[in-house]
Amino acid sequence: MGPNPIVSKREILRVLDPRLRGSPRARFQTLRNKGVVSMGVVRPLAGRSGRLRGSVHLFSTLNRDAVRLHRLGRDADARKVAKDAKRLEEQAGFVRLVDLAVAFANSREQLVTSLGDTPWQIIRQMEAMDQSTRRLLMSVATAAEHMRQAYRAAEDISRLAGWVISIQERMAEIETITGTMAMLPTIQLESLGLDRIGAALEVEWEEVDPGEVIVSTVAAVGSRDCSSENRSAFAPPKRLVPSQTRWAAIRRKLDNPTPVPSVPLELPART
Amino acid sequence: MNQADLLAVTAQGFTTIADPGDPDSSRNDIPASFLGCIAIRKDCQGLTLADGTRLSSLVVRSAIQDALTIPGRSSLVAGYVAEENSRSRSLCRREGFDEDLPAELLPSSYLDQPAPYVFVIGAFAVTTGQSKRPARRTKSVER
C-alpha cells in the first residue's frame, strides 16, 4: 500500500490549519511565495456538450509533508520536499494519473466537485476499476513513499498504515503493514468512508503541545476490498444510478418511445 | 449453422435503472435491457438489403426486438459505445438512441487501460410496419 498520491489545495491547507481558517486562496499563495508547495497540475473540467466548466488543480501528496515542515519552522527542509513534489508531478505516471482522475470525474457529474476538494474519493473508485489502474496508482504512490523516507526519520510524528480487518461496537481493528494490530474509533473513519473491511488508511499523530495531539486520518492506496461493481462496456451492470439529468431524459423517453419496425426473423421462444 | 453463414452477433442482458433521487430504494427502479455487443462480420459491414434497409439497422432492430420480447422489461434499451467508434455511434443515433455525453472511462476488454465509452439509451416500441426507406440498387445480401 502507499499514500494517496493526489491531494487538493484544501487537503494541503488542512495540514497547516485543520480548521481551515482565513482565505484559502491567500494562505495558499503565501505558501507558494515561500516555496514550500509545488506548482501542481492543472486540468480543465468539461461540461456538457464539450464546454468547459472550470479547472481543477491537483498536487502531489508530498506537499502535505512540506507544509507540515513549514508549520514546524523548518522552511529549508520544506522547500526541499516541495522540490521533490515538483519532480514527482512532472513524472509521466503522475500526469497520467491526474488525466485519468479528471476523465473519471468528468464522466460522473456528482464527482466533479469531489475532485477539487477530496480527490481521494475519486482515487478510491478508480482503484476498483481494473488492474492496470491499480498498478498505476500503486506505482505513483510508491514513488511518493520512497521520497518520504529520506526525511521522515527526522520528523516527530507517530504514524500507522494498514487495513481495516474488523469493526465491532464502534471500534475498528487495523492490521498494520508491519503485521501489528491497532484499534481506532470508527468515528475517525466514518466521514472518510473508511469504516469498511479492507479499507487502506494512514493515521498520523503529531504532538503540538504536551498532551495536545493532532490526529490525521487519510485514505491510502492498496485497499484489499477492490471489488468493483464489475462494470464494463460489455457486461450489464446490475443496477445503474444515472445522474439527475440523465434520469430526466430517460423519463421523457419512456413517455415517447421510438417506433421500430418489426424484424421478420424467428426469435427463440421465451419461457 | 456454418461459420460462413454467420453475419452478425448481438448480446443483450438485463439491468435496472435506479432513481438518483432515491437510490437506496427500488421503488422507482426501471427494468431495462442492456446491449452488451453488436458486431457485424467485416466483409458484410456497409451492406444494404434489397429493400434499402441497411444490414446494420436490421441487426440493431433485431437486438432491440429480441430484448423487448422478454417479460418484465420496460421499453428502455441502453448500452455503451466506444467514443472513437464514430460509425457505431452514428448507427445508434440513426436507430433512435440518444447519447449521454461526456464519455465515461470504463474498463475495456480490448485495451490494457480504461477507455472512454459513450452511454446510449433509447425507448422503443416494436411496430408491425415495414421500413419506409425506398429500395435501392446497391450491394445486397442474398442467402
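In which strand of chain B does Gln12(B) lie?

1. Gln12(B) belongs to strand β1 of chain B, residues 8-17 (helices, H or I of at least four residues, and strands, E of at least two, are DSSP runs numbered from the N terminus). The model is predicted, local features need pLDDT of at least 70, side-chain atom pairs count only at pLDDT 80 or more, and totals for chains, interfaces and linings use all residues. Residues are numbered from 1 along each chain as its sequence is written, chains are lettered from A and ligands numbered from 1 in the order written, and side-chain values use heavy atoms, without hydrogens and water.

2. Gln12(B) is partly exposed, at 22% relative accessible area (buried is under 20%, exposed over 50%, partly exposed in between; 1.4 Å probe, protein chains only). Its side chain makes polar contacts with the side chains of Asp66(B), at 3.4 Å, and Arg73(B), at 3.0 Å (N or O atoms within 3.5 Å, within protein one able to donate a hydrogen and the other to accept it; residues adjacent in sequence count only if both atoms are side-chain atoms).

3. Over all chains, the whole structure holds four aromatic pairs (ring centres of Phe, Tyr or Trp, its six-membered ring, within 6.5 Å; planes under 30 degrees apart are stacked, over 60 edge-to-face, the rest tilted). The pair Phe28(A) and Phe59(A) is tilted, because the planes stand at 55°, with ring centres 5.2 Å apart. Phe28(A) lies in helix α2 and Phe59(A) in strand β4 of chain A, so the pair ties together parts 31 residues apart in sequence. Both residues, Phe28(A) and Phe59(A), are buried.
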